[in-house]
Amino acid sequence: MSQTSENNKRIAKNTLFLYVRTLFIMLVTLYTSRVVLNALGVSDYGVYNVVGGVVAMFGFINSSMSSATQRYITFALGKGDRENLHKVFSTALQIHVLISVLIVILGETVGLWFMYEKMQIPADRMNAAFWVLQCSIVSTVVMIVSVPYNADIIAHEKMSVFAYISILEAVLKLAVAYALVVSSFDKLILYGFLILVVQIFIRFCYSHYCNKHFPESKYRHVWDKSLFKEMTGFAGWSMFGNLSAVLFGQGLNMLLNVFFGPVVNAAQAVAVQVQNAIQQFVGNFQMALNPQITKTYARGEKDEMHRLMFRSARFSFYLLFLLSLPVLFETDFILTVWLKTVPENTVDFLRIMICTSLMYTLANPLIVANQATGKVKKYQAVCGTILLMILPVSYVCLRLGCPAYSVFIVHFVMELLTQFVRMVMLRPLIGVSIKDYFINIYAKVGVVALLAVIAPLLVYRIMDDTVLRFFLISIICVLSVAFVSYSVGLSRTERAFVRSKVSTVYNKFLHR
């Protein structure tokens with residue numbers, strides 16, 4: 001069997017594991033959140049989230065280092081250099097321990113000051129809030145130290161292990177929720193402590209599996225100044241990109257509040273929840289394929305890397321479009337059934353944000369490819385600056401009297417511009433031409449989108465807004481996107497691969 005075929009099988013298998021993981025965790029989390037809210041009460045639940053949020057504010061420091069760790073471990077694995085892989089892992093662990101120390105210092109100084117001086121917490125719950133903060137700080141430290149182990153599992157493409165441990169974590173958190181219901185102890189303090197225990201146990205599971213299966217995960221003291229500097233430099237410029245996303249995201253939220261008030265913020269919050277739920281499923285496919293992009297670059301297999309990039313972009317778009325199209329048509333119906341009372345502007349916000357998400361799926365392979373090269377300084381500086389311009393341009397639009405949804409149109413346009421800039425900047429780094437990228441991705445997904453929308457659009461225009469129309473359009477959307485994606489959006493080789501996988505599953509089911 002060829003290496004490409006083997007990679008395709010691994011990607012398909014890993015995607016399936018991650019889909020099952022996401023679906024299970026989503027269902028458990030929805031139920032657990034309700035149980036915890038009822039057990040703690042609205043006030044204590046709010047205290048837990050706002051106090052834990054103080055520590056979470058510093059999370060962008062760790063998220064930047066996480067992407068650097070993922071890239072360097074995957075790159076070393078792709079090159080097959082075991083000695084360097086061991087050095088990279090140990091260096092990554094050292095850096096994450098330093099980040100943990102920084103988080104502890106910030107949490108015990110800025111965090112405590114902010115909690116006592118700025119937060120509105122009932123006086124009789126201040127002691128409980130203090131212990132929640134302490135548990136949140138330790139939990140965050142545990143999660144940070146776990147990052148290199150998680151990255152090692154993903155780099156080795158052991159998504160089944162990642163899925164199983166994540167499911168175990170969700171089950172343990174469900175057990176924590178049950179403990180709150182039956183316990184007579186201070187529930188807020190108990191919840192913070194039990195979540196900390198769960199994090200420590202999950203951290204042990206990751207490290208134990210890695211130590212048993214991956215020799216490089218056994219820490220040894222090494223000091224490579226150049227590697228340390230290179231990895232922190234990579235993380236520093238990634239931090240600029242992450243900070244840009246945080247600033248324009250939170251900035252738009254504040255702008256909408258200043259110009260239109262909190263009702264519009266509620267509409268945005270609802271739209272973001274739906275958008276995130278849809279994007280999770282596409283993120284699983286990308287997580288399964290991203291390590292292959294980095295490994296092929298590390299091995300110098302540029303042509304295979306380009307094929308993986310094209311496939312990742314197109315398949316991600318098709319998956320998101322499959323889930324999004326029914327929502328785009330029946331936004332009003334879905335939100336009304338879910339919320340009963342839908343905040344004004346939510347429908348417009350959600351539709352534009354989904355279109356932006358569809359555009360962004362095409363950018364993920366470019367982002368991963370840039371990280372694979374390790375040359376992120378210029379890329380992050382330029383792209384981050386463009387994305388930061390969303391805020392001032394949106395402000396000008398609102399000052400000129402544009403409606404609230406105009407800020408999300410600005411975001412869409414800026415994302416489109418950033419897409420083009422990404423392609424231009426990556427062309428000399430990985431040797432992919434803009435023409436090839438356009439033909440293999442934008443042309444194909446454009447044709448699929450135009451053809452797939454025809455059938456559901458006819459039904460939408462003909463039928464009245466009823467439950468029957470919702471179910472009929474949902475079914476037609478799924479069938480239309482699936483058929484057009486398969487017949488028009490896939491290459492001959494990809495269609496053959498899909499047929500073989502469907503045949504395998506069918507035969508296993510038939511002979512069970």
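Modeller: Val447, Leu451, Ile454, Leu458, Ile462 and Val488 make a nonpolar surface patch of about 530 Å². Patch residues have over 30% relative accessible area and no salt bridge, with nonpolar side chains joined within 5 Å; a salt bridge is a side-chain nitrogen of Lys or Arg within 4 Å of a carboxyl oxygen of Asp or Glu. Areas are Shrake-Rupley, 1.4 Å probe.
This is a predicted model: local features need pLDDT of at least 70, side-chain atom pairs 80 or more, while totals for chains, interfaces and linings use all residues. Numbering runs from 1 along each chain as its sequence is written, and side-chain values use heavy atoms, without hydrogens and water.

Biologist: Which helix gives the largest share of the nonpolar patch?

Modeller: H17, with 3 residues. Helices here are DSSP runs of H or I, at least four residues, numbered from the N terminus.

Biologist: And Ile454, how exposed does it count as?

Modeller: Ile454 lies in H17 and counts as partly exposed, because its relative accessibility is 45%. Buried is under 20%, exposed over 50%, partly exposed in between.

Biologist: New topic: at what angle do H11 and H15 pack?

Modeller: About 5 degrees, with axes 9 Å apart; axes are lines fitted to C-alpha atoms over the stretch in contact, and angles run from 0 to 180 degrees between N-to-C directions. So H11 is roughly parallel to H15, a label for angles under 35 degrees.

Biologist: Which residues make the contact?

Modeller: Among them are Phe349 and Tyr360 of H11, plus Phe408 and Arg422 of H15. Contact means heavy atoms within 4.5 Å.

Technical notes
Patch = residues over 30% accessible without salt bridge, like charges linked within 9 Å, V, L, I, M, F, W, Y side chains within 5 Å. Helix = DSSP H or I, 4+ residues; strand = E, 2+ residues; numbered from the N terminus. Buried < 20%, exposed > 50% of the residue type's maximum accessible area, 1.4 Å probe, protein only. Parallel < 35°, antiparallel > 145°, perpendicular 65-115°, else oblique.
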